[in-house]
Amino acid sequence: MTHQPILPGAVLGVLGSGQLGRMFAIAAREMGYRVHVYSNETDSPAGHIADREFVGDYTDVDRIREFARTVDVVTFEFENISAEAAQAIEEIGPVRPGGHVLHISQNRLREKQTLADAGLPVTPFRPVRSSAELETAIQDLGCPGVLKTAEGGYDGKGQVALKAASEAAAAWQELGQLECIYEQFIEFEREVSVVASRGLDGEFAACGPVHNDHHNHILDVSICPDPTLDSLREEAMRIARGVLETLDVVGVMCVEMFVQADGSILINEVAPRPHNSGHLTIEASPCSQFEQQVRAICGLPLGDMQPHTPSAMANLLGDLWVGGEPDWLEALRIPGVRLHLYGKQEPRNGRKMGHLTAIAGTLEAAVANVQKARKALTRNQ
Ligand code: AMP
């Protein structure tokens with residue numbers, strides 16, 4: 001089937017209105033598109049940039065239909081949308097990535113099983129729907145392990161690490177006896193991601209591998225391109241491409257991976273949208289992950305997402321506001337540093353309020369400058 005490209009001037013719809021929608025909307029507007037967002041919030045990060053902000057519940061299928069009728073294509077930045085809502089939109093116009101991708105990536109079990117069935121390397125796992133199944137899973141895979149709810153978890157929420165089999169009953173209770181997945185604990189050397197994209201015609205382009213450091217289960221710092229990951233690059237790209245092809249993704253998808261001591265790679269999880277670890281593409285790549293999302297969903301040629309400049313990104317969480325407004329001036333004095341704030345009013349602890357990206361002549365300088373800039377924000381508090 002051939003598709004007509006959706007050209008500048010058309011209206012792009014985004015489900016979800018957080019920072020990912022905001023940066024998508026900025027990229028889309030730069031390219032001359034109009035943007036409508038749909039979410040259950042007003043005055044939202046993406047709503048500030050959009051031409052129109054639709055407010056409604058994610059379960060209000062009639063309101064979602066009304067939104068879908070005003071746009072030429074729908075994409076999303078928030079993936080917990082019901083299958084019914086996704087289907088309602090697909091009856092009106094294209095959804096990219098499609099409802100089938102949402103359906104699979106909303107459930108960790110479905111996601112891991114689909115990727116494993118395609119022969120892709122995933123962390124060893126077992127389904128857990130009862131305490132008896134958890135016991136069997138622990139017998140099969142051993143302990144330590146991680147019990148995760150199949151649906152609804154993010155940034156480490158909805159998961160419990162198990163150090164010994166005796167902790168199983170408490171973990172099962174703690175997660176509310178919901179459908180879960182038990183994964184073997186991977187003693188990884190590093191966490192990396194590939195932010196990948198696939199066009200309507202199957203064209204593939206990606207950024208990565210990006211090296212990611214987490215703090216309290218939340219992404220803290222990402223760096224790319226990292227020469228110490230060069231030897232893994234081909235394999236990481238092969239896996240990412242395999243994931244997007246298996247799921248028939250049209251759009252951007254992040255594949256998060258663990259690198260083990262022997263250099264082998266296992267997929268941890270995937271996200272069917274741009275990702276926090278790809279924010280550095282805004283400064284460091286010819287085509288950012290957000291411009292790529294526009295290109296892919298509109299059927300345009302894909303751009304080059306691989307960073308050509310050493311870059312580092314550091315998240316700014318609400319915790320930085322504890323002592324008052326951060327000192328933006330101090331941070332912005334550091335060469336090569338750029339500030340992104342998401343327009344969120346309430347700086348709660350752990351809430352992603354913005355990020356800094358530093359580009360520099362070397363990776364070491366980029367990492368040092370982004371850390372220095374983040375420290376400078378609170379130096380005088
Ligand atoms: P997730 O929400 O699945 O991305 O998990 C959040 C973080 O928990 C990951 O970035 C890892 O640092 C850690 N983690 C999750 N699953 C495992 C695992 N099977 N083995 C070791 N660490 C894990």
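Analyst: The answers below set values for this model against the definitions behind the terms.
This is a predicted model, in which local features need pLDDT of at least 70 and side-chain atom pairs count only at pLDDT 80 or more, while totals for chains, interfaces and linings use all residues. Residues are numbered from 1 along each chain as its sequence is written, and side-chain values use heavy atoms, with hydrogens and water left out.

User: Why is Tyr38 called buried?

Analyst: Buried means under 20% relative accessible area, exposed over 50%, and partly exposed in between, with a 1.4 Å probe and protein chains only. Tyr38 has a relative accessible area of 0%, so Tyr38 is buried, and Tyr58, with 12%, is therefore buried too.

User: What makes Tyr38 and Tyr58 a tilted aromatic pair?

Analyst: Rings of Phe, Tyr and Trp (its six-membered ring) pair if their centres lie within 6.5 Å; planes under 30 degrees apart count as stacked, over 60 as edge-to-face and the rest as tilted. The rings of Tyr38 and Tyr58 are 6.2 Å apart centre to centre, with 55° between the planes, and this is a tilted pair. Tyr38 lies in strand E2 (residues 34-39) and Tyr58 in the loop between strand E3 (52-55) and helix H2 (61-68), so the pair ties together parts that are 20 residues apart in sequence. Helices (H or I, at least four residues) and strands (E, at least two) are DSSP runs, numbered from the N terminus.

User: Why is the pair of Phe54 and Phe67 called edge-to-face?

Analyst: The ring centres of Phe54 and Phe67 are 5.4 Å apart and their planes stand at 70°, so the pair is edge-to-face. Phe54 belongs to strand E3 and Phe67 to helix H2, so parts that are 13 residues apart in sequence are tied together. Phe54 counts as buried at 2% relative accessibility, and Phe67 is buried at 0%. Tyr38, Phe54, Tyr58, Phe67 and Phe78 form one aromatic cluster.

User: Which residues touch the most other members of the largest nonpolar core?

Analyst: A nonpolar core is a set of buried Ala, Val, Leu, Ile, Met, Phe, Trp, Tyr and Cys residues joined through side-chain atoms within 4.5 Å. The largest one has 30 residues, and Val243, Met257 and Ile267 touch the most other members. Helix H8 (230-246) is among the elements that each supply at least two residues, and the largest share, 7 residues, comes from H8.

User: How do you know that E15 and E16 pair?

Analyst: Two strands pair if DSSP finds at least two bridges between them. E15 and strand E16 (residues 352-359) have 5 bridges, in the antiparallel sense, and Val337 stands opposite Ala358 in E16. These strands belong to an open sheet of 8 strands, in the order E13-E12-E9-E10-E11-E14-E16-E15. The edge strands are E13 and strand E15 (337-341), each pairing on one side only.

User: Why is His217 called exposed, whereas Gln177 is partly exposed?

Analyst: His217 has 52% relative accessibility, so His217 counts as exposed, whereas Gln177, with a relative accessible area of 44%, is therefore partly exposed. Gln177 has a positive phi of about 55° although it is not a glycine, and the phi of His217, also not a glycine, is positive at about 70°. Gln177 sits in the loop between helix H7 (168-174) and strand E8 (180-184), while His217 is in the loop between E10 and strand E11 (218-224).
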